[in-house]
Amino acid sequence: MANITLNNIQKRFGDEEVIHGVDFEIKDGEFVILVGPSGCGKSTLLRMIAGLESISGGDVLIGDKVVNDMPPKARDIAMVFQSYALYPHMTVAENMGFSLKLSKVDKAQIQEKVNAAADILNLGALLKRYPRELSGGQRQRVAMGRAIVRDPQVFLFDEPLSNLDAKLRVSMRTEIKELHQRLKTTTVYVTHDQIEAMTMADRIVVLHEGYVQQMGTPLELYDSPANLFVASFMGSPGMNLIHGWPKEDGRFEVRGGGHLPMGELETGKRPSDTIYGIRPEDITLTDEGVPVEVISVEPTGAEIHVVARLGDQHITVVFRERHDVHPGETIHLALDLDKVHLFDADSGERIAWHPTTRAA
């Protein structure tokens, strides 16, 4: 196993720079997920770590070695792709052991490693089957087994669950996390799905347009987003982001009408355009509070999602209780001020401030 260090990594395609001086370190044995929307640079970064993409600037280190000019096979990494890429004419056992066979490993040792990986992944009863006889989840486990038998320093996963249905993705998330807890191999995992990132990672790197927006544990990113992009990207439903202006009386004037409770800005500065952020689950129903008009009610079973109108904007609330609310009705909301974030609308950066009360 080994740590991975990215020092001022840059990537250019012709004159266009798509990765802009990325720096971060992945600790030995850590499970780190690169997350962001399509085109943010996460797969490009992963491919540079793997040696499948050239580096335009900076250094990639695996352990204490700079690997910029090393071919992929010399980096002691194993990669699992979105496509299973199994050989259709080979059995499960033959697919899993093929890379070892190419390396001229002894047949008995190949069988031992394949059997050990099959035990870890519950593939023992499937070793004689062909890929066409397997489900999507079983094929993905075979692809993972092919990586495990190599006993690499680093596992790299490039959106491995994208081709699976929603229910199978949930179960495979658990299997991959359990696999990491068992093997303790340094793992870098790429996904656009922030739920995957939140549920699986030790730490998350949020990327946008080739820049690192924030790196931290899932709860650090969720509870303390560094900027508007992280606040809006992490969480489902997403954070409510309400445009308006902080007022001298400690309230927040909502664009289009209405007010929200706030407090004093630590800096004393009151930007002309500010965004007030609060997550849907940090809002409760109350007899007195912020009046809003209900637009839609969406029961999900465990929760009720309510979308309401505040000024000329929408606010989403998640209730775990079975409140009886209806479209067109006016309800009153209490907001937990300890969970409110303020952002500068121009820079997108979070603004420091003090709540005056805990809820209002």
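Student: Which residue takes a positive phi in the hairpin of β11 and β12?

Tutor: In that hairpin, with 4 residues between the strands, G250 takes a positive phi near 85°. The model is predicted, local features need pLDDT of at least 70 and side-chain atom pairs pLDDT 80 or more, while totals for chains, interfaces and linings use all residues. Residues are numbered from 1 along each chain as its sequence is written, and side-chain values use heavy atoms, without hydrogens and water. Strands (E, at least two residues) and helices (H or I, at least four) are DSSP runs numbered from the N terminus.

Student: How many bridges join β11 to β12, and in which sense do the strands run?

Tutor: Strands of a sheet pair through backbone hydrogen bonds, either parallel or antiparallel. Pairing here requires at least two DSSP bridges between the strands. β11 (residues 240-246) and β12 run antiparallel and are joined by 3 bridges. W245 has E253 of β12 as its bridge partner.

Student: What does β12 pair with on going to β13?

Tutor: β12 and β13 (residues 259-261) pair antiparallel, again with a count of 3 bridges. The bridge partner of F252 in β13 is L260. These two strands form a hairpin with 4 residues between them, and G256 in the turn has a positive phi of about 95°.

Student: What is the phi of N122, and what is that of D151?

Tutor: N122 has a positive phi of about 55° although it is not a glycine. It lies in the loop between α3 (107-121) and α4 (136-148). D151, also not a glycine, has a positive phi near 50°, and is located in the loop between α4 and β7 (154-158). N122 counts as exposed because its relative accessibility is 66%. D151 counts as exposed because its relative accessibility is 56%.

Student: In what order do the strands of the open sheet follow one another?

Tutor: The 6 strands are ordered β6-β7-β8-β3-β9-β10, with mixed pairing. β6 (77-80) and β10 (211-216) are the edge strands, each pairing on one side only. The twist averages 15° from one strand to the next. Within this sheet, β7 and β8 (residues 186-191) pair in the parallel sense over 5 bridges, and F155 has T187 of β8 as its bridge partner.

Student: Which strands does α1 lie across, and which does α5 lie across?

Tutor: Angles run from 0 to 180 degrees between N-to-C directions, with axes fitted to C-alpha atoms, for helices over the stretch in contact; contact means heavy atoms within 4.5 Å. α1 (residues 42-50) lies across β3 (31-35), β6, β7, β8 and β9 (203-208), running at about 150° to β7. α5 (residues 166-183) lies across β3, β7 and β8, at about 145° to β3.

Student: At what angle do α2 and α4 pack?

Tutor: α2 (residues 92-102) and α4 pack at about 35°, with their axes 7 Å apart. V92, N95, M96 and S99 of α2 make the contact with V142, G145 and R146 of α4.

Student: Why is β18 described as largely enclosed?

Tutor: 6 of the 7 residues of β18 (residues 304-310) are buried, so the rest of the structure largely encloses this strand. β17 (residues 290-299) and β18 pair antiparallel over 6 bridges, and S296 stands opposite V307. Their hairpin has 4 residues between the strands, with G301 in the turn at a positive phi of about 110°. β18 and β19 (residues 313-319) also pair antiparallel, over 7 bridges, and L310 stands opposite Q313 in β19. The hairpin of β18 and β19 has 2 residues between the strands, and G311 takes a positive phi near 65°.

Methods. Buried means under 20% relative accessible area, exposed over 50%, partly exposed in between (1.4 Å probe, protein chains only).
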